[in-house]
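User: Hi! I am new to reading protein models, and I would like to learn how to follow strands and metal sites. Could you walk me through one?

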Amino acid sequence: MIPFDLHTHCTLSFDGESSAEDMVTRAVMLGIKYYALTDHVDLGEFPDPDFDLEATVSGAGAQIPALREKYADKTELLYGVELGQAVQEPELAEKLLAENDYDFVIGSVHNIRGHEDFYFLDYTKTDPQELLGRYFDELLETAEAGRYDVLGHITYPLRYIVGENGINIDMKRYSGIIDEILRTVIKNGKGIEINTSGLRQKYGRTFPDAGTVKRYRELGGRILTIGSDAHRTGDLGKGIAEGIELARNCGFTEIAVYKERKPTFIRI
Ligand SMILES: [Zn+2]
Ligand SMILES: [Zn+2]
């Protein structure tokens with residue numbers, strides 16, 4: 001039994017493979033009680049050329065509340081968004097959040113200023129340690145600026161640097177800034193997520209991994225969500241059980257779900 005999955009995408013995202021309704025019916029089939037569709041709204045100077053911001057936002061606004069009604073007796077469908085690079089276009093981010101009744105906002109950094117998504121970067125040409133440092137700087141800026149409920153997949157670039165390119169990274173040099181990010185999240189009453197996508201990729205760990213989740217708990221962090229980051233029905237709910245186990249091992253007894261931008265807590 002999978003109690004929740006708070007980070008998923010459908011074809012409303014440029015990289016989603018299954019329709020919103022197929023995702024919801026799969027969630028119902030899996031018995032997921034709290035299920036969030038959190039399609040991409042990526043801001044900044046490197047949008048995907050096929051990505052139409054307006055169509056995505058209005059499409060989600062038309063489809064997801066309607067599906068929530070249709071499946072109301074089967075799952076609690078949460079209307080989410082994964083807002084990328086909000087600090088690169090703060091006014092637009094504010095406007096989008098004011099105009100849409102989201103239940104849940106994941107704040108993510110997929111690319112740093114002046115560079116494309118970490119997915120596209122050539123790590124033989126640009127120093128990965130330096131890129132990672134700039135990633136954490138922008139993530140700290142994101143944590144400070146607000147406009148999110150939880151920070152998405154902390155350490156995301158490791159999916160490509162370590163997972164895809166097999167480059168070793170000395171993570172100790174970032175422990176100071178990671179602490180600062182976590183402290184900022186906690187001070188602002190926000191949370192982080194355990195993103196389980198890394199478990200089914202070459203990286204083989206969650207984003208962030210157990211060390212960071214444990215540190216978050218030690219610093220006083222209590223708001224933690226868990227999501228698969230599925231982009232198709234086949235990945236829905238994957239790794240949630242492992243994520244719950246990891247959370248327990250790090251001292252958590254409750255996991256947050258969000259409705260109308262407010263957390264409620266589910267015992268694990
Ligand atoms: Zn993401
Ligand atoms: Zn995502």
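Predicted model: local features only at pLDDT ≥ 70, side-chain atom pairs only at ≥ 80, totals over all residues.

User: Let me start with a pairing. In strand 2, which residue is the bridge partner of aspartate 5?

Analyst: In general, strands of a sheet pair through backbone hydrogen bonds, in either a parallel or an antiparallel way. Here, aspartate 5 has tyrosine 35 of strand 2 as its bridge partner. Strand 1 and strand 2 (residues 34-42) are joined by two bridges, in the parallel sense.

User: In what order do the seven strands of the open sheet come?

Analyst: The order is 1-2-3-4-5-6-7, with parallel pairing. Strand 1 and strand 7 are the edge strands, since each pairs on one side only. On the sheet you will also find helix 1 packed, touching strand 2 and strand 3 (76-84). The direction of helix 1 makes about 150 degrees with that of strand 2.

User: Now the metals. Which residues coordinate the zinc ion (ligand 2)?

Analyst: His7 (NE2), His9 (NE2), Glu82 (OE) and Asp229 (OD) do, at 2.1 to 2.3 Å.

User: Why is the arrangement of the four donor atoms around the zinc ion (ligand 2) called irregular?

Analyst: Start with the ideal: four tetrahedral donors would have angles of 109.5 degrees at a metal. Around the zinc ion (ligand 2), the donor atoms subtend angles of 83 to 171 degrees, which makes the arrangement irregular. Along the chain, these donor residues follow the spacing H-x1-H-x72-E-x146-D. Distant parts of the chain are linked this way: histidine 7 sits in the loop between strand 1 (4-5) and helix 1 (20-29), while aspartate 229 is in the loop between strand 7 (224-227) and helix 8 (240-249), 222 residues apart.

User: Is histidine 7 buried or exposed?

Analyst: Buried means under 20% relative accessible area. Histidine 7 counts as buried because its relative accessibility is 0%. Aspartate 229 is buried too, at 5%.

User: What coordinates the zinc ion (ligand 1)?

Analyst: Glu82 (OE), His110 (NE2) and His153 (NE2) coordinate it at 2.1 Å. Glutamate 82 coordinates both zinc ions, ligand 1 and ligand 2, which are 3.4 Å apart. Histidine 110 lies in the loop between strand 4 (104-108) and helix 4 (128-145), and histidine 153 in the loop between strand 5 (150-151) and helix 5 (158-164), so the pair ties together parts 43 residues apart in sequence. Histidine 110 is buried, with a relative accessible area of 4%, and histidine 153 is buried at 1%.

Terms used
Residues numbered from 1 in each chain as written. Chains lettered and ligands numbered in written order. Heavy atoms only, no water. Donors = N, O, S within 2.8 Å, 3.2 Å for Na, K, Ca; no water. Tetrahedral: all angles 85-135°; square planar, octahedral: opposite > 155°, others 65-115°. Helix = DSSP H or I, 4+ residues; strand = E, 2+ residues; numbered from the N terminus. Buried < 20%, exposed > 50% of the residue type's maximum accessible area, 1.4 Å probe, protein only. Pairing = 2+ DSSP bridges. Contact = heavy atoms within 4.5 Å. Axes fitted to C-alpha atoms, helices over the stretch in contact; angles between N-to-C directions.
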